[in-house]
Amino acid sequence: MIENSSDVVVIGGGVAGLSTAMQLARRGVSVTVLEREQIGNGSTGRAAGLLGQLRGTAEHTRMLMDGVKIVQELEEQAGTEIYVQTGSVRVAETAEREKEIADLVEMGRSIDFDIAPMATDELAKRMPYMRTDDVAAACWCPTDGHLQPAELAAAYHKVGRDHGVRYETSCPVTGVLLDGSKARGVETPRGEFYAPILVNAAGPWSHLVAGLTGTTLPTAALGHVYLTTQPDPDHPVDRLSPGFRNRHHRIYGRAENGGLLVGIYAEECAEYDMETLPPDFDMSAMKARRDDFHLAMLIHAAQQRFPWINERTPMHVTTGIMTFSPDGLPFCGQLPDHEGLFYCSGFSGHGIVQSPVIGVIMSELILGNRSTYDIASIEADRYWGVPGFQERDEIEQRCHKMQGSYYGRLEGKSADSKTDTA
Amino acid sequence: MKILVPCKRVPDPDQKLRLNAEATDVDSTALTYILNPFDAIAVEEALCIRETTHPDAEIIAVSVAPAEGEDDLRTALAMGADRALLVEHDAQLDSWNVARLLAAVVEREQPALVIMGKQAVDDDANQTGQFLAVQLGWSQATFASQVEFTETGLRVHRETDLGIEIIHVSLPAVVTADLRLNEPRYASLPSILKAKKKPTEYTTAEELGVKPEPRVRLLSMELVHSQRNCEMVTSARELILKLRETEVIKG
């Protein structure tokens, strides 16, 4: 065997690439993962990992429910706790959001997903640190929770390695080698790596990696921010307190280290031009300015539901970059222009919780099988050649708009049934 | 009472730094700048003074920087400073000359108190506050970890290597902020919006009647090389194999 040659090269050592590599290796495929920085150092290392299994379609819900099973197996194999089952609540304060919750309960029940309305006094009992006097309706999903991103990445890494995956860190991909229109390998500062199948799981960089073969991938790199309060004896947050979503204020969160984690999908967010960032840009070193506008919006929104949080609350602020697609769903599979070039990107803030099943789907696609899931909604070619999704500025605009409407729009029966829920 | 808070614009120390081609300074392309974290503590302390003992205090943020320094003054304004003054200056200045410019600003503004960071995180000089106090002939309380007003001045806790030193200084005074003085706030949404309307005044060394005469010149810079290349290992066995591979241990 030629040195640096394997069946598959995965570009990107975040959860998407790591899960794909692990699943392929389990199926006897030789895999090399190339990571520009360190394993799990990009969006993976900045993620909150909230798991809300109830999605806009039954199939997406099934994918996430199966993902939990995969994670539970991983926990045994890696000997670590990844899934923290806390249950989750959604709260509504307006009539339209109340209707949304009623619709979700109905939809969840129709596909046997464990969901029930929750009375306000019960809500107040479970989350005494939350304002509930203005809550009109709430629902409770006992099987939800969150995945611990670092532990998940480490488990993929460990189990993958046990199955022979090779990981190269500090190894950015600078070129793609083609044989006609067929993938042959990649160039890196550490030499060439050969494989007939390449997986672009480069997160916010994936459209740049796609650009190496002149391919348009409609993803955009958007900023995201969440805060984690330091433990406050006046507002203790039990480790197993429910995760929450409050779409009216556009916030989500969960317990973290005795404090409360709160993030926002605001109407506006920062945009990043990955091309102009330094080649050795390190996402884990990102931090918010004291006068960061998006952080201020987050603090303001968090304060509406948790009045004890303000700009002087001792807190840790996490900023990072998410890879958004125009419809909030990932791109999985090949595009028509090259053979052997697979995409696995655009998770729009849900990469952690989608990654377990995405690894399975990617390995099925790569091994030439039909997926056991209905993947029409996440197929990589759904915007191929579609006018309005080809130029960088229009792609960025659409992705930005998607981010803004993520929590802004209404769900349920009255909503557009094709779009997914958060 | 007026409180003057000198604010320095510094490269964010958490990013990876490179040198320019001549190795005379850090490469400023794609560099992110922030308000010197110790100066943010100084701003916070001034805000606390206004919120507790001196509601009439006027807080003025001042910076000696190129035009872009306005961004970091904006941070101070968004946190709650009342107005800002930018002494526009493109060239590198040593601490003595920065102190001369600040002294000229003090002459003009007549504050009772100057609070600033004990040092800037870029050059770590830890000089400007001391120089400024000397040039003004004012009291100085450096490395402050607690500041209290008394009838006749300030009672200041100073963090020294030997322990906390408690001193009393008369006003006017220069106080330099240490890390534990407070936890600076983030700017609130209303405060950011309000800051857009707050005035920033621009001046120059010339207008202040100061001709910078450098005493210290930066000759060259070198990066400290740490060959650190972290890799996660998940078992002791793997660690030993790695150590053998890199010949840290043999056999």
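## Exercises on a two-chain model

Take the contacts in chain B between residues at least 6 apart in sequence: 68% of them join residues at least 24 apart. Two residues are in contact if their C-beta atoms, placed from the backbone, lie within 7 Å. This is a predicted model, in which local features need pLDDT of at least 70, side-chain atom pairs count only at pLDDT 80 or more, and totals for chains, interfaces and linings use all residues. Residues are numbered from 1 along each chain as its sequence is written, while chains are lettered from A and ligands numbered from 1 in the order in which they are written.

**Exercise 1. Describe chain B as a whole.**

Step 1: confidence. The average pLDDT (the predictor's confidence in each residue, from 0 to 100) of chain B is 94, and 98% of the residues score at least 70.

Step 2: elements. Chain B has six helices and eleven strands. These are DSSP runs numbered from the N terminus: helices are H or I with at least four residues, strands are E with at least two.

Step 3: extent. The C-alpha trace of chain B spans about 70 × 40 × 40 Å along its principal axes.

Step 4: burial. Of the 251 residues in chain B, 36% are buried. A buried residue has 20 or more other C-beta atoms, placed from the backbone, within 10 Å of its own.

**Exercise 2. Work out why chain A can be called as compact as a globular protein of its length.**

Step 1: elements. Chain A holds nine helices and 21 strands.

Step 2: The C-alpha atoms of chain A fill roughly 65 × 50 × 45 Å along the principal axes. Buried residues make up 54% of the 422 residues of chain A.

**Exercise 3. Trace the hairpin of β10(A) and β11(A).**

Step 1: pairing. Strand β10 (residues 175–179) and strand β11 (residues 182–188) of chain A pair in the antiparallel sense over five bridges. Strands pair if DSSP finds at least two bridges between them.

Step 2: one partner. L177(A) bridges to G185(A) in β11(A).

Step 3: turn. Two residues lie between the strands, and G180(A) in the turn has a positive phi of about 65 degrees.

**Exercise 4. Examine how chain B meets chain A.**

Step 1: count. The contact takes 24 residues from chain B and 26 residues from chain A.

Step 2: elements. β3 (33–35), α2 (70–79) and α5 (189–195) of chain B each supply at least two residues of the side of chain B that touches chain A. The largest share of this side, four residues, comes from α2(B).

Step 3: confidence. The predictor gives the complex an ipTM of 0.86 and a pTM of 0.91.

Definitions and conventions
Buried ≥ 20, exposed ≤ 12 C-beta atoms within 10 Å, placed from the backbone. Rg over C-alpha atoms; globule rule 2.2 N^0.38 Å.
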